[in-house]
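Visitor: I've got a model open and some time to look through it. Can you walk me around?

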Amino acid sequence: MVYKDNINKEPLADTNKNNIELKEILEDDIEEKVENLLRALTLDDKLKEVRSSFSPQKPVGNYTRILGELPPAEAAKLANEVQSRAGAVPAIIHEECLHGVRAIGSTQFPQSIALASTWDPDLVYRVARAIAREARARGIRQCLSPVVDLARDVRAGRTEETYGEDPLLASKLAEAYCKALRDEGVVATPKHYIANFVGEGGRDSAEIHLSERILREVYLKPYMACIRAGALSVMAAYNSVDGVPCNANKWLLTEVLRWGLGFKGFTVSDYGALWGLIVKHDVASSPHEAAAKALEAGLDLEMPEIGIYGEPLKAALEKGLVSQKALDEAVRHILYAKYAIGLFEDPRADPQKAEEITGSEEHVRLAYEAALKSFVLLKNEGVLPLSGVKSIALIGPYAEELPLGGYSGKPKRVVTLAEGLRALGVDVRTVKACPEDLGREVALTYAYLYQPDDPSQRGVLVEIYGNPDFSGSPIFASRHKGTPGLALRLDWGHERPTCDWGCEPPYPADLPKLNYSVRVKAVLRPPEPGKYVVRLIAEGGSARLFIGGRLIIDCWDGGCPLSKEAVVELGESQYFLLEYRKVKPAYTYIAVGLDYAEIPDSFKRALEEAKRADAVIITAGIVEGEDKDRASLRLTKCQEMLIEEAIKANPKTVVVLFTGSPVVGDWILKAPAILEAWYPGQEGGRALAEVLLGLKSPSGRLPLTWPRHEGQLPLYYDYKPSGRRYDYANMPSTPLFPFGYGLTYTRFEYRGLDVGLRGRSLAVKVKVANVGEREGEEVVQVYVHKRRSKIAGPVKELKGFARVALRPGEEKEVEIEIPLDELAKYDENMRRAVEPGVYEVMVGRSAEDIALVKEVELGEYRPKISAAVSEPRDGRVKVYIRNEGPISDLIPLRIERGGRVEEHRVYVFAGDTRVIKLEVPEGELKVSIDGLAFIVGSRANNAS
């Protein structure tokens, strides 16, 4: 082995600091098995591996959510049937596992944003391990989780699925999640790679314009943590980055993931995303061209169904548009993951264990613990806790139910807030007033729409005509079944009607873009009989709305982009008919909104109960989730009015928010107490009741910044200083509630901050005392700012945190270690270093509530790189890149072979060794690593 460095002369081969030899042995063993199997596979075998399907009967290497709708034991039996048909290569069955397996009977934990509010990686590890155990018990070996997109713009409808806005907090929690899944032999699939929720306007999957520096320092960080923790899959996002769709982005999928991070697992498309290369991004003219682009870029597996990687990929291979080598590489990655999780040794599930593990009492207790730690008390003017209260008026949309959030399964039991309060002896009277999904600005949901010829079933009938005047018979008709949370929209690409076709044709995609007409038929059932305001917006075409056989709104001659409204008296049910036609090229958007035109009876009953009760709890919520980004962050008008009127009726009023992201409004200034409950999981009602009544103290902290107004967005705490003023003429720039914020029922004091260098870390010590009268948990947060940097940095960044439980009068010294690597930044040459100078270390309760500050001066710290190249063996060599320094870095790697030159940047973590395997050509191989040069021949290995 030839060895070189630019630091010292210690022999690289003698190191065992990172168990490099053991790691090599394990990886070499897996890779040898993969290569042996790969040589035995036919072309059809290989194509099978890169495909997925909803059907358990189709021959594919990956199955899409085939077990979730079955009871645990039946699911395990079906999984075993699938594996018995799989042949030489066992299949992976995947499912959504965001905060519990999306399946019947599975334990449902608090939503991701709620778990982030615990600021407790150990808890997240235990939750994720329980999820993985329930998944594997059924036969599920891949979870499409966690979501590690950062919530930098809370208008994104999927904010609830994230771990918040901060790269460090998200990384620590995602690392815990992925490690737990790997420990249980389940593939974690962090998503959506990359920056999927921060598009312009807070829109999901919109185009991303971000520098490489920001992508690497902020958005890539959680993925790096996931890969280091053992994640074996990564899902590419729908969006494009700098004009290149993520699913066909070679820089992201190959250069950054493979060369940069050494990722050995497989990449997957988001559902249907490869078709988006043709019909959305318009970067491919045909399915086989899309297949070639995606596979050559490094997209290994198409989800959720055989499509672009079906016959189009086979045709692309036959036409030479994509290489056999690219297909082999994709299959190699998939097989590696299957071997790494032990799938070949143990592919079967145990039906009896599936029943025992799924929804077990142990997991239910964990769901309760997680809920307790997740609640964030936003405001309290002496109302909470509700100690000694005997009667409570529980009103609002969730008075009688508990929302679980997006991608939820169906647990064996759900404890509502009403049930939790009653179990503690409180007289609870519920009135479900003001539904969260009813408002003229909210698209009408299937909660109120039923099939026109079968009113017992939710949904609508959609008919599309190939002409603008409904002549003849429909060329497409579909009966769409709906769940209450889905809105009436007409989207060309989904199995449900949506009212947002944008610039695309209606579903199916082969229908014309122009000169068509659409009828949507249903039975409308409002929440209660009464007068309602109906609003219709029709962009890009003409529309009219009939209710009860009467023409209610007519926009047939020119559309109604500014909307038209009508007041109508609605009984328990009436016929609903929406007609639309399009004759000119324009953006298509249709929305029907329904709102109260007068105060409903349920509203009046709620206020009567509020007056009689000792206290009032108002539950409030919003419409959000996938495909539900929000332009406005306000509650519906009815909910805002209910809050304000209830406060007048009873000043002892608490607002409990069941949301996955912030809301704004003037009512916040008037409410005496506000508790963010998020989507707290199946035991949320029990835990919430105990916190509201004072049996437990709230201890969650915000993992995101809560704005005063939508106009501030995007808003996050670690912004960079403005070149002028970071402010508005009519509003402060500061948030309503800052990142890291959360009140408790006790008080904490900080003193004795000490900061010192210890080895490769900053040791931060601080004493924290509980000076209140109740037990409580504090989340100590450490922020750092570098004064006068060469490249402008954030005003502060979270660099460490710790959760500490204290009894009244108790004091503890909390020590938080911050690796020097956390302080490093990319310099002007995109190399990482700790810049010398003064660093402000800030310790406090939130990003804006800093209790103590201390300055520390640091010298310059950089990586220390050494390298070695092994002797050739079987036509390959191993390149060792070792970083003995305290700073991780992107190391330039130049490879010259067969007259071709490749240049890559390889990320080597501090104290780690990267091993890269290269083929040796018949001539010679030249390798240069950060200026260290090697020449490898077929017979000799000489350094130059």
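This is a predicted model: local features need pLDDT of at least 70, side-chain atom pairs count only at pLDDT 80 or more; totals for chains, interfaces and linings use all residues.

Visitor: Rings first. How many aromatic pairs does a search of the whole structure find?

Guide: The search gives 14 aromatic pairs. Rings of Phe, Tyr and Trp (its six-membered ring) pair if their centres lie within 6.5 Å; planes under 30 degrees apart are stacked, over 60 edge-to-face, and the rest tilted. One of the pairs is Trp119 with Phe801: the centres are 5.3 Å apart and the planes at 85°, so this pair is edge-to-face.

Visitor: Where do Trp119 and Phe801 sit in the chain?

Guide: They are 682 residues apart, so to speak in distant parts of the chain. Trp119 is in the loop between helix H4 (112-117) and helix H5 (121-138), and Phe801 is in strand E33 (residues 797-806). Helices (H or I, at least four residues) and strands (E, at least two) are DSSP runs, numbered from the N terminus.

Visitor: Trp119: buried or exposed?

Guide: Trp119 is buried, at 1% relative accessibility. Phe801 is buried too, at 14%. Buried means under 20% relative accessible area, exposed over 50%, partly exposed in between (1.4 Å probe, protein chains only).

Visitor: Which residues form one aromatic cluster with Trp119?

Guide: Tyr717, Phe739, Tyr783 and Phe801 are in that cluster with Trp119.

Visitor: And charges over rings?

Guide: Arg544 has its charged end over the ring of Trp556, 3.8 Å from the centre. Lys786 lies over the face of Tyr839, 5.7 Å from the ring centre. The test is NZ of Lys or CZ of Arg within 6 Å of the ring centre and within 35 degrees of the ring normal.

Visitor: Switching to cores. How many residues has the largest nonpolar core?

Guide: The largest nonpolar core has 133 residues. Tyr177, Tyr193, Ile194, Tyr309, Leu313 and Leu798 have the most contacts inside it. Apart from that core lies another, of 79 residues, including Val431, Leu545, Tyr580 and Ala646. A nonpolar core is a set of buried Ala, Val, Leu, Ile, Met, Phe, Trp, Tyr and Cys residues joined through side-chain atoms within 4.5 Å.

Visitor: What does Tyr309 touch?

Guide: Beyond neighbours within four places in sequence, Tyr309 is in contact (heavy atoms within 4.5 Å) with residues including Val50, Leu274, Ala291, Ala294 and Leu295.

Visitor: Which residues of helix H11 are buried?

Guide: In H11 (residues 287-297), Ala290, Ala291, Ala292, Ala294, Leu295 and Ala297 are buried. They pack against helix H9 (250-260), helix H10 (273-279), helix H12 (311-318) and helix H13 (324-340). Just after H11, Gly298 takes a positive phi of about 120°.

Visitor: Now Thr746. Where is it?

Guide: Thr746 is in the loop between helix H20 (684-692) and strand E30 (748-758). Thr746 is buried, with a relative accessible area of 8%.

Visitor: What does its side chain reach?

Guide: The Thr746 side chain makes a polar contact with the side chain of Asn770 at 2.6 Å. The Thr746 side chain also reaches the backbone nitrogen of Gly772, at 3.4 Å. A polar contact is a pair of N or O atoms within 3.5 Å; within protein, one must be able to donate a hydrogen and the other to accept it, and residues adjacent in sequence count only if both atoms are side-chain atoms.

Visitor: Last topic: which peptide bonds are cis?

Guide: Lys191 to His192 is cis, with omega near 0°. Met303 to Pro304 is also cis, with omega about 5°. Pro304 is in the loop between H11 and H12.

Visitor: What about phi at Asp874?

Guide: Asp874 has a positive phi of about 55°, although it is not a glycine. Asp874 is exposed, at 72% relative accessibility.

Conventions:
Residues are numbered from 1 along each chain as its sequence is written. Side-chain values use heavy atoms; hydrogens and water are left out.
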